[in-house]
Amino acid sequence: VFARAVVTPVRSHAEDTEVLAVVDGADGPEVILPADQYTTVPGTYSLVFGQGEHVARIGAIRSHDPRDGTVQRVVEEVYSGDLRAAARGRLTGYVYPTPADAGLEATDVEVPVPGGVAPAWRIDPAPSEEPRPAEGIWAVMVHGRGARRTEGLRAVPTAQRLGMTSLLVSYRNDGDAPDAGDARYGLGTTEWEDVEAAVRLALDSGARDVVLFGWSMGGAIVLQFADRSDLAARVRGIVLTGPVVDWMDVLRHQARLNRIPEAVGLLGQWLLSNRAGRFVTGLAAPVDLRALDWVTRADHVRVPTLILHSEDDEYVPVGPSMALAERNPELVRFVRFTQARHTREQNVDPERWDRTVRGFLRAVLAAPRPGAPRPGRQA
């Protein structure tokens with residue numbers, strides 16, 4: 001069960017946060033929720049309710065009463081549905097359900113992939129008379145396991161300030177793109193091919209180069225693309241938020257979290273990585289977990305990479321991200337966040353996330369490309 005669950009796509013999410021009440025506050029409606037490790041973290045989030053059909057944007061904490069175990073937060077916007085009638089919901093890291101809700105003009109794009117087309121959003125930067133360091137470079141944004149393209153909308157304004165066109169992609173088994181033949185995640189070892197197709201479309205559409213953004217499993221996908229794709233030379237930089245850089249470490253952590261005996265967890269890893277396990281996992285081919293261990297393979301990271309990761313990430317431990325940066329300090333920079341838990345670094349501190357990413361990319365894009373002639377030297 002453990003091995004199969006790891007590679008089985010998430011088709012629906014439990015709405016496990018009780019909506020206790022919606023009341024009128026000084027500046028508009030406010031929602032009262034049970035106080036827990038997620039609802040009491042500062043920042044802006046979405047509250048999804050009505051079996052995933054409706055979304056409200058939840059903001060500042062107005063009050064937190066530990067005595068009765070509740071927290072009261074501002075309702076910034078209700079995009080659809082009647083939140084006052086909702087009994088339960090799910091607090092999520094994405095903030096806007098569509099580009100239009102984020103104030104962004106998006107063009108629907110179809111990326112050719114095996115089995116059909118994977119939908120994507122293309123979002124161009126606003127015209128500017130001032131030169132911007134990343135004009136002609138596209139930001140290709142890859143969401144995490146169980147998420148969708150909406151996860152990347154938070155990062156688009158950062159890309160726009162640099163002059164980048166953003167391409168928010170989907171990939172096999174995510175609910176938007178066609179399913180893989182075995183309807184199983186490859187944990188990055190198969191999905192990178194769909195990202196390659198998106199990068200190829202960007203280059204065919206006029207992009208000079210690309211910067212890759214990845215969240216959670218999207219980080220594992222991005223790293224596989226940069227390692228395996230023929231188009232990897234066109235990647236100028238990588239920005240990862242709460243990434244999986246060592247799946248074996250994540251599997252050990254999840255086994256401990258679910259109180260699974262160590263021997264059972266090791267058996268789960270064996271089933272995932274060996275052909276004999278396909279009858280249990282449903283995988284068409286085993287997953288090479290060693291290829292997904294970037295701590296051991298730190299010297300294989302050849303692209304300037306920024307990792308933003310919260311120390312209290314409950315799903316993907318921060319340790320491997322730190323270790324990767326320590327083992328490859330020339331190319332990998334690690335920035336520690338707090339309180340954000342999994343992939344909510346930008347929710348908790350959007351200004352710091354934006355400032356860090358823009359500073360990193362400005363430096364990377366200003367540096368000469370590897371192999372390019374230096375000023376004053378003949379090619």
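**Figure 1. Packing of helix α5.** The buried residues of α5 pack against α1 (2-7), α4 (217-228), α6 (262-273) and α8 (319-327). Here, contact means heavy atoms within 4.5 Å, and buried means under 20% relative accessible area, exposed over 50%, and partly exposed in between (1.4 Å probe, protein chains only). Helices (H or I, at least four residues) and strands (E, at least two) are DSSP runs, numbered from the N terminus. The structure is a predicted model, in which local features need pLDDT of at least 70 and side-chain atom pairs count only at pLDDT 80 or more, whereas totals for chains, interfaces and linings use all residues. Residues are numbered from 1 along each chain as its sequence is written, and side-chain values use heavy atoms, with hydrogens and water left out. Helix α5 covers residues 247-257 and is mostly covered, since 8 of its 11 residues are buried. These buried residues are W247, M248, D249, V250, L251, H253, Q254 and A255.

Figure 2. Just after α5, R259 takes a positive phi of about 55°.

**Figure 3. D249 within helix α5.** D249 is located in helix α5. Its relative accessibility is 17%, so D249 counts as buried. When neighbours within four places in sequence are left aside, D249 is in contact with P317 and P320.

Figure 4. V280 belongs to helix α7, which comprises residues 278-281. With a relative accessible area of 38%, V280 is partly exposed. V280 and A3 are 277 residues apart in sequence, while their C-alpha atoms are 7.8 Å apart in space. Apart from neighbours within four places in sequence, V280 is in contact with R4 and L271.

**Figure 5. Two loop residues with positive phi.** Q51 is not a glycine, yet its phi is positive, at about 55°. Q51 is placed in the loop between β4 (45-49) and β5 (54-65), and at 71% relative accessibility Q51 counts as exposed. L187, also a residue other than glycine, has a positive phi near 60°. The loop that holds L187 runs between β11 (165-168) and α3 (192-204). At 0% relative accessibility, L187 counts as buried.

**Figure 6. The whole protein as a setting for the close-up views.** The protein has 10 helices and 15 strands. Its radius of gyration is 21 Å, close to the 21 Å that the globule rule gives for 379 residues, so the protein is as compact as a globular protein of that length. The radius is taken over C-alpha atoms, and the rule is 2.2 Å times the number of residues to the power 0.38. The C-alpha trace spans about 70 × 60 × 40 Å along its principal axes. Buried residues make up 54% of the 379 residues. Of the contacts between residues at least 6 apart in sequence, 73% join residues at least 24 apart.
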